[in-house]
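Here are a few notes to keep beside you while you look at this one for the first time. Have the viewer open as you go through the points.

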Amino acid sequence: MTPLDVIEGRARWCVVEGDNREVLPTLPVVAAVVTDPPYGIGEAAGRNKSRGNLAVARDYGTEQWDDSPPSPELIELVRSRGIHQVLFGGNYFALPPARCWLVWDKLNGANDFADCELAWTNLDRAVRRLAYRWNGMLRENNEERGQHPTQKPVGVMQWALELATDPDDVVLDPFCGSGTTGVACLRLGRRFIGIEKAPHYAAVARERLQAESQGLTLRDARAGQLSLLGGTP
């Protein structure tokens, strides 16, 4: 599957493994860019292990992809590929004034996480807020997590997509990580193009999207594979 297959309707999704500085110039403008770029705050460098909560934080190891934010030129290139634009962490980047910010209230309680996350948009509507718990053991809808250190809830991405897109729109996520935006797109009847530089996260994104296409969670899809191989889920 390729981006052209998605754009021309032959496929519902694809994930391109590559550097978005090289991939983005090859793509046409699509209905929307909805993405969560690295903020440059070191979340990939083991900070998750220091979080104070009742549940033990998963150790994702130490990586460098969040050591610095994308350049202003790259952010501008990302924005140029979508008519509608939603960038989580927009308060970390130099972006134009916006009428509509999306405010995700994380209902975090007492810990060292931020109370809210902000998404910059170019939407012509009022500010919107969503309260959606994600931290700890009392997550909304018992959502799966743990595939990526900065993974967003599918419910939050669905909310953003419903504000920015229409059914069957093509949505581009140039920093797709473990593919949450793509899962949200499939659930809402949108088409999805993801770009991910890290091979292991690109593989996870494809695995999640394939599972979602079959009506399965990633956990259930993996359990089924293990059962077929005679393993223990």
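The points below go through salt bridges and then nonpolar cores.

1. First, the ground rules. This is a predicted model, with local features needing pLDDT of at least 70, side-chain atom pairs counting only at pLDDT 80 or more, and totals for chains, interfaces and linings using all residues. Residues are numbered from 1 along each chain as its sequence is written, and side-chain values use heavy atoms, with hydrogens and water left out.

2. How many salt bridges does the structure hold? There are 14, a salt bridge being a side-chain nitrogen of Lys or Arg within 4 Å of a carboxyl oxygen of Asp or Glu.

3. Start with Arg21 and Asp19, a salt bridge whose closest N and O atoms are 2.6 Å apart. Arg21 counts as exposed, at 53% relative accessibility, while Asp19 is buried at 14% relative accessible area. (Buried means under 20% relative accessible area, exposed over 50%, and partly exposed in between, using a 1.4 Å probe and protein chains only.)

4. (Helices, H or I with at least four residues, and strands, E with at least two, are DSSP runs numbered from the N terminus.) Both Asp36 and Lys152 are buried.

5. Glu117 and Lys106 also meet in a salt bridge, at 2.9 Å from N to O. Glu117 is in strand β5 (residues 116-121) and Lys106 in the loop between β4 (101-105) and β5, so the parts tied together here are eleven residues apart in sequence. Glu117 and Lys106 are both buried. Through shared partners, salt bridges join Asp36, Lys106, Glu117 and Lys152 into one network.

6. Now the largest nonpolar core, which has 39 residues; Val15, Val86, Phe88 and Leu102 touch the most other members. (Such a core is a set of buried Ala, Val, Leu, Ile, Met, Phe, Trp, Tyr and Cys residues joined through side-chain atoms within 4.5 Å.) Elements giving two or more residues include β1 (13-17), β3 (82-88) and α6 (199-213), and α4 gives the most, with eight.

7. Phe88 is worth a click. Leaving aside neighbours within four places in sequence, its contacts (heavy atoms within 4.5 Å) include Asp36 and Lys152, along with Tyr39, Leu118 and Val156. A second, separate core of 16 residues includes Ala11, Val30, Leu74 and Val78.
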